[in-house]
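Dear colleague,

I am passing a structure on to you, with the sequence and coordinates shown just below. Could you look it over before you read my notes on its charged side chains?

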Amino acid sequence: LVLAHGAFALNQQSIPFLERKEPMQTTNIIIILGCSVVGGAPCAMLKERLETGYMSWLLNPNGVIVVSGGQGDNEPAPESIVMANCLLRRGVPREKIIMESKSRCTAQNIEYSIKTMERYGIDPARVRAVIVSNGFHVPRATMLAKRFGLKNATGLSAPTPGMRNKIWMYAIREPMAWIKSLIFDWPGTYTLRERRGGHAKENTA
């Protein structure tokens, strides 16, 4: 109960500034975190993430975009593929997009994105990375990015559309997710679980 109240307070302190986009500083890597795909198209929150990530890339056209998101049980395709197609239609060159298509939760978004970057010869300890998500999600995602090895990571907040989404995410879902991440989300946790045949079953919101 104490942890829940602490997480709630932390999340509430974030509200005044997280709904504004932070300055888009020079970056090597832009990691856009996945969210639900509905009927083959990004949901409203994912559209905002993609728009924010795309605008950041326009200011950093030499940077690389990592789109991160696997395929949920009710999704017709991996979130990363849908995200990449949206960016391609906006004119982002294919060689500037890296897809991570296995993750099912925020910690996996970060851990698997880092592993994918390493396969492309990108050293996570040396890059300047921006983590793009909706405002409620950015503090936890950025905390995890630093914990998993992206020491120079900063967060970039996309708007959270809809009052119902804001109430649910800020007041209920994300505080509970903070508790889970603070206790359980550590480097190697999901890799070990994969080897044992399990997987996380959380929508990447």
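What follows is a short account of the salt bridges and of how buried their partners are.

Please keep in mind throughout that this is a predicted model. In total, the structure contains 5 salt bridges, and I describe some of them here.

The pair formed by arginine 104 and aspartate 73 has its closest N and O atoms 3.4 Å apart. This pair connects distant parts of the chain, the two residues being 31 residues apart, with arginine 104 in the loop between β5 (97–100) and α4 (106–119) and aspartate 73 in the loop between β4 (64–68) and α3 (79–89).

A second pair to inspect is aspartate 185 with lysine 180, where the closest N and O atoms lie 3.1 Å from each other. Aspartate 185 is buried, its relative accessible area being 0%, while lysine 180 has 25% relative accessibility and therefore counts as partly exposed.

Arginine 173 and glutamate 174 also form a salt bridge, with 3.8 Å between the closest N and O atoms, and both of these residues are buried.

Definitions and conventions:
Residues numbered from 1 in each chain as written. Predicted model: local features only at pLDDT ≥ 70, side-chain atom pairs only at ≥ 80, totals over all residues. Heavy atoms only, no water. Salt bridge = Lys/Arg side-chain N within 4 Å of Asp/Glu carboxyl O. Helix = DSSP H or I, 4+ residues; strand = E, 2+ residues; numbered from the N terminus. Buried < 20%, exposed > 50% of the residue type's maximum accessible area, 1.4 Å probe, protein only.
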